[in-house]
Amino acid sequence: MQDAAVMAIERAPQNIVTRIELMKKDLHPEYHTINVRMTNGDIVQMRSTWGAEGDEMALDVDPTTHPAWTGGSQRLLDTGGRVSKFKEKFKGFGF
């Protein structure tokens, strides 16, 4: 059985064939379907080069929890008093 790309080139008009480049074999990673477990427990199937077919990837951060997607509604944890120091230093600016 011929490769689909080769068959497409054979059917293409000659002026188009000269512009077509085939992908090199054994160079590109193999994509397969994996299960991605979101932080709320939902499982989403995605195509990836990670793991093997059917493996499960558990996320610590996803679009439902990351401030970039949620608008920054999460609270900062004040470890070592850094947030307190910052707020005290710049309290006149409304932080």
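**View 1. Glu 88 and Lys 91 meet in a salt bridge.** The two side chains come to 3.1 Å, N to O. A salt bridge here is a side-chain nitrogen of Lys or Arg within 4 Å of a carboxyl oxygen of Asp or Glu. Lys 91 counts as exposed, at 56% relative accessibility. The scale works like this: buried means under 20% relative accessible area, exposed over 50%, and partly exposed in between, with a 1.4 Å probe and protein chains only. This is a predicted model, where local features need pLDDT of at least 70, side-chain atom pairs count only at pLDDT 80 or more, and totals for chains, interfaces and linings use all residues. Residues are numbered from 1 along each chain as its sequence is written, and side-chain values use heavy atoms, leaving out hydrogens and water.

**View 2. Arg 37 and Glu 56 form a salt bridge between two strands.** How many salt bridges does the structure hold? It holds two. In this one, the side chains of Arg 37 and Glu 56 meet at 2.8 Å, N to O. The pair links distant parts of the chain. Arg 37 belongs to strand 1 and Glu 56 to strand 3, 19 residues apart. Are these residues buried, exposed or partly exposed? Arg 37 is partly exposed, with a relative accessible area of 29%. Glu 56 is partly exposed too, with 39%.

**View 3. Strand 1 and strand 2 form a hairpin.** Strands (E, at least two residues) and helices (H or I, at least four) are DSSP runs, numbered from the N terminus. Strand 1 covers residues 32-37 and strand 2 covers residues 43-48. They run antiparallel, joined by six bridges. Two strands pair if DSSP finds at least two bridges between them. Arg 37 stands opposite Ile 43 in strand 2. Five residues lie between the two strands. Look for Gly 41 in the turn: its phi is positive, about 100°.

**View 4. Strand 1 also pairs with strand 3.** Strand 3 spans residues 56-58. Here the sense is parallel, over three bridges. Val 36 stands opposite Met 57 in strand 3.

**View 5. Gly 54 sits in the loop between strand 2 and strand 3.** Gly 54 counts as partly exposed, at 45% relative accessibility. Which residues does Gly 54 touch, not counting those up to four places away in sequence? They are Thr 33, Ile 34 and Asn 35. A contact means heavy atoms within 4.5 Å. Gly 54 and Asn 35 are 19 residues apart in sequence, yet 6.2 Å apart in space, C-alpha to C-alpha.

**View 6. Residues 15-20 have pLDDT under 50.** pLDDT is the predictor's confidence in each residue, from 0 to 100. For residues 15-20 the model has three contacts beyond four places in sequence. Which elements have the lowest and the highest mean pLDDT? Helix 2 (residues 14-17) has the lowest, 49, and strand 3 the highest, 95. Where pLDDT is low, the predicted coordinates should not be read in detail. Across the protein the mean pLDDT is 76, and 65% of residues reach 70 or more.

**View 7. The protein has four helices and three strands.** Along the sequence, the pattern is α-α-β-β-β-α-α. Of the 95 residues, 11% are buried.
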